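Please keep the sequence and the structure in view while reading.

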Amino acid sequence: MIPFNKPYLTGKEAHYMYEAVFTGKLSGNGMFTQRCQAYFEQRFGFKKCLLTTSCTDALEMAAILCDIKPGDEVIIPSYTFVSTALAFVRQGAKIVFADSQANHPNLDVDRIEALINSKTKVIVPVHYAGMACDMDQIMALAAKYNLLVVEDAAQAIDSYYVPTTGDVEATPRPLGSIGHLSAFSFHETKNIISGEGGMLAINDDRFIHRAEIIWEKGTNRAEFFRGEVNKYGWVDIGSSFLPSEVIAAFLWAQVEQLDVIQDKRKQHWNRYYEALKPLADKGYFSIPAIPDYATNNAHMFYLVCPSLDERTKLINTLKQNDILAVFHYLSLHSSPYYTDKHDGRVLPNCDMFTDCLVRLPLFYELTNENLDKIIETIKSVYSM
Ligand SMILES: *Cc1c(COP(=O)(O)O)cnc(C)c1O
């Protein structure tokens, strides 16, 4: 069976975890945590990074930092993972679901403005498959209406937004460095992993001080350990959002190999793309569109079939050939938890991706032989 995902180990994970164990510092915010955070800050220009135990936790921290109160409205794509919405729902927010673009699961920025009113507080763009949302437009809307932007960059490590207006030679900007706050995931299904894990990136100075406090159970412990205060105590709300050093040590082994991992994933992605483009050109399905303002971090390779039936047929044929391809989100506006809280708007593009999108296996250890088998099996469905 070719699995959908197989977590990749660089070989150094156990070594660094052993090191963490034998230095005797097992709780959070130690050497490995600080090493990872400094790496991400320097490489991607995030002002401040805090490792978390998941992206879900990073989003929860973001919702607290945005000071969400009951009744506040948050604009979120419906075609996303539950955590994007859940983090804000826990703070009492009303979720206003945005539709996807017709040709891309990312939210349709042109139709966000109509959703904004005096209660709107935050926009949460999700960079689906690690491909950028149109961040200049989103940030412009946020500035116009005085909103905050939290990027759900769970899938978007080492991916970029390339501004298309103004400067001809605009410099690509790392995803996660543009919104006021951003959340990343190191879940085992993502490009670099620590089993469960995540990170909050803080790009607005106003939030840095409070973020550190919320991170450590509402205490000013981080300041205490830097010697900035001579005792620490309970100063705010928060939770235990920080991972243990054992997790951070695991992550460090992955961080060191980020470029190697990305290169390999992009090779796989390109092999799919080249081989399947002729079928897409014939209209059997569509392959991922990369907007001119986005780069590809090879988080995911997906196809969009013309119908649910066609997708089921494709998934079944792959399964009969020992290949596991999987569909993705069930749009949140029609989830059992949110249906009766949703305002009733129909979101046709989200529904279409719910029914028609299928993800193909993509992981480091996939071989060219595996890829060719998957490609040939897909071709056989369309007798090509
Ligand atoms: C994976 C993912 C999450 C959740 O990440 P965890 O680290 O598992 O909490 C949130 N949003 C999106 C878009 C994701 O892909």
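With which residue does K6 form a salt bridge? The partner is E365, and the closest N and O atoms of the two residues are 2.8 Å apart. A salt bridge is taken here as a side-chain nitrogen of Lys or Arg within 4 Å of a carboxyl oxygen of Asp or Glu. K6 belongs to the segment before α1 (13–23) and E365 to the loop between β13 (357–360) and α12 (368–381), so the pair ties together parts that are 359 residues apart in sequence. Helices (H or I, at least four residues) and strands (E, at least two) are DSSP runs, numbered from the N terminus. By the salt-bridge rule, the count comes to 21.

The model is predicted, so local features need pLDDT of at least 70 and side-chain atom pairs count only at pLDDT 80 or more, whereas totals for chains, interfaces and linings use all residues. Residues are numbered from 1 along each chain as its sequence is written, and side-chain values use heavy atoms, with hydrogens and water left out.

The protein chain is assigned domain 1 (13–256) and domain 2 (258–381); such bounds come from an automatic or database domain assignment. Their centres, taken over C-alpha atoms, are separated by 25 Å. To the contact (heavy atoms within 4.5 Å), domain 1 contributes 48 residues and domain 2 contributes 39 residues. Between them the domains bury about 3700 Å², with 56% of it on carbon and sulfur atoms; buried area is the accessible area (1.4 Å probe) that two parts lose on being put together, summed over both.

One salt bridge is counted between domain 1 and domain 2. R43 and D259 also form a salt bridge, with their closest N and O atoms 2.9 Å apart. On the side of domain 1 that touches domain 2, β3 (94–98) gives the most, with five residues.

A polar side-chain atom of T56 lies 2.5 Å from a ligand oxygen atom, and one of Q155 lies 2.8 Å from an oxygen atom of the ligand. For D152, a polar side-chain atom lies 2.8 Å from a nitrogen atom of the ligand.

Terms used
Polar contact = N/O pair within 3.5 Å; in protein donor to acceptor, adjacent residues only side chain to side chain.
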